[in-house]
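Here are some notes on the model you sent over. Have it open beside the sequence while you read.

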Amino acid sequence: MVILKSKINKIAVLVVAIILFGTVGYMLISDFNFVDALYMTVITVTTVGFGELQPFSPEEKIFTILLILTSITVFGYAVSAFSEYLVSGKLFEHFKHRKVEKQIGHLKKHTIVCGFGRNGKQAILKLGNYNKQFVVVEKDKEMIEELDNRGLLNIEGDATLDETLLKAGIANAAYLITALPSDADNLFVVLTASQLNKKCTIISRAANESSYKKLKFAGASNVIMPDKLGGDHMASLVTTPDVIEFVDRLTIEGETTANLEEIAVNDLPKKYINKTILDLDLRKQTGCTVIGFRNPDKDYIINPEADIKLIEGSQLIVLGRPEQILKLRDLF
């Protein structure tokens, strides 16, 4: 049983069991009512020394001796286990896990980040800057300590296992980022996550090009190859340096330095639905410029015309200075 996996739970079950055993025993042997039977059980197992409610028969005395010996054994084990928990720090871990499980239980449409390595840290930095809720899954104890010290919600465990992703709230997650160093492990995570939540958008890291198709076939929505992106970026600095420097200046770093933002048409006031980009008039309201449009079929239009209709399910990509982006967020 799952409830018996923790020593704290075992102790609680044993204590309740010994009290129930004594209460039922006294009700059957001595014909006590429930309150009297419970009273006799409590004063017996706690050895407080109060007298019996009535003179005991030999059978009642034998049962009481058995109850005392059993309770001494149970409470001795309880004290030993509790002391071990205090010394080893497992008690703190137990309550930490309970607290984390409760917090994760309240999350909806959050992001799960598997792996707290270089790519994982970059991912949670971006998510944190955008105030996105996320849970980090990591099995390295030193990394877990760092996450705890930084106050980041985390689950200690193997991300390739169903139970670990379930603890991280995969059923209610909107996104999963797997940034484990091994392509094989990332493949297992993608397969597991896609089965546990078919609506979850999965983004996977890949080290080898041969893994790209496998990860996509397994259910990854996007596969990122950091090494390939890095090499392409360095070459672009040779071929088109000014363009790359300009694009680098558009990096989305967070609340105060963002230059790009996306707006879901569904989130706009209803009066704008089926209107045009011109009717929205973002330039006048915020100073931002619409530089991209994605229709419900996920086709992208760069530098869209002003007469394009804002149909439900589409997205707008907007460019602006940080203060303009902040104003945009306040309005929409």
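Are Tyr26 and Phe32 buried or exposed? Both are buried, where buried means under 20% relative accessible area, exposed means over 50%, and partly exposed is in between (1.4 Å probe, protein chains only).

Ground rules: this is a predicted model, in which local features need pLDDT of at least 70, side-chain atom pairs count only at pLDDT 80 or more, and totals for chains, interfaces and linings use all residues. Residues are numbered from 1 along each chain as its sequence is written, and side-chain values use heavy atoms, with hydrogens and water left out.

1. The overall picture. The chain has 14 helices and 10 strands; these are DSSP runs, numbered from the N terminus, with helices being H or I of at least four residues and strands being E of at least two. Of its 332 residues, 38% count as buried. Among contacts (heavy atoms within 4.5 Å) with a separation of 6 or more, 58% are between residues 24 or more positions apart.

2. The aromatic pairs. A search of the whole structure turns up three of them. Rings of Phe, Tyr and Trp (its six-membered ring) pair if their centres lie within 6.5 Å; planes under 30 degrees apart count as stacked, over 60 as edge-to-face and the rest as tilted. Phe21 and Phe63 have ring centres 5.4 Å apart and planes at 45 degrees, so this pair is tilted. The pair ties together distant parts of the chain, with Phe21 in helix H1 (residues 7–29) and Phe63 in helix H3 (residues 58–88), 42 residues apart. Phe21 counts as partly exposed, at 36% relative accessibility, whereas Phe63 is buried at 10%.

3. Back to the opening pair. The rings of Tyr26 and Phe32 have centres 6.2 Å apart and planes at 35 degrees, so they are tilted too. Ring pairs join Phe21, Tyr26, Phe32 and Phe63 into a cluster.

4. A charge over a ring. The charged end of Lys121 sits over the ring of Phe116, 5.2 Å from its centre. The test here is NZ of Lys or CZ of Arg within 6 Å of the ring centre and within 35 degrees of the ring normal.

5. The open sheet. Six strands make it up, in the order S3-S2-S1-S4-S5-S6, with parallel pairing; two strands pair if DSSP finds at least two bridges between them. Strand S3 (154–156) and strand S6 (222–224) are the edges, each pairing on one side only. From one strand to the next, the twist averages 15 degrees. S1 and strand S4 (residues 175–178) run parallel and are joined by four bridges; Val113 has Ile177 as its bridge partner in S4.

6. Axes are lines fitted to C-alpha atoms, for helices over the stretch in contact, and angles run from 0 to 180 degrees between N-to-C directions.

7. The nonpolar cores. A core is a set of buried Ala, Val, Leu, Ile, Met, Phe, Trp, Tyr and Cys residues joined through side-chain atoms within 4.5 Å. The largest has 27 residues, of which Ile112, Cys114, Ile170 and Leu176 touch the most other members. Helix H4 (90–105), strand S1 (111–114), strand S2 (134–138), helix H8 (183–196) and helix H9 (210–218) each give two or more residues to this core, and H8 has the largest share, three residues. A second, separate core of 17 residues includes Val265, Leu268, Leu282 and Leu328.

8. Antiparallel pairing around S10. Strand S7 (residues 260–264) runs antiparallel to strand S10 (residues 315–319), joined to it by five bridges. Strand S8 (residues 289–294) also pairs with S10 in the antiparallel sense over five bridges. In S10, Glu261 is partnered by Val318 and Gly292 by Ile317.

9. A loop residue to look at. Asn208 lies in the loop between strand S5 (201–205) and H9. Its relative accessible area is 44%, so Asn208 is partly exposed. Not counting residues up to four places away in sequence, Asn208 touches Asp183 and Met225.
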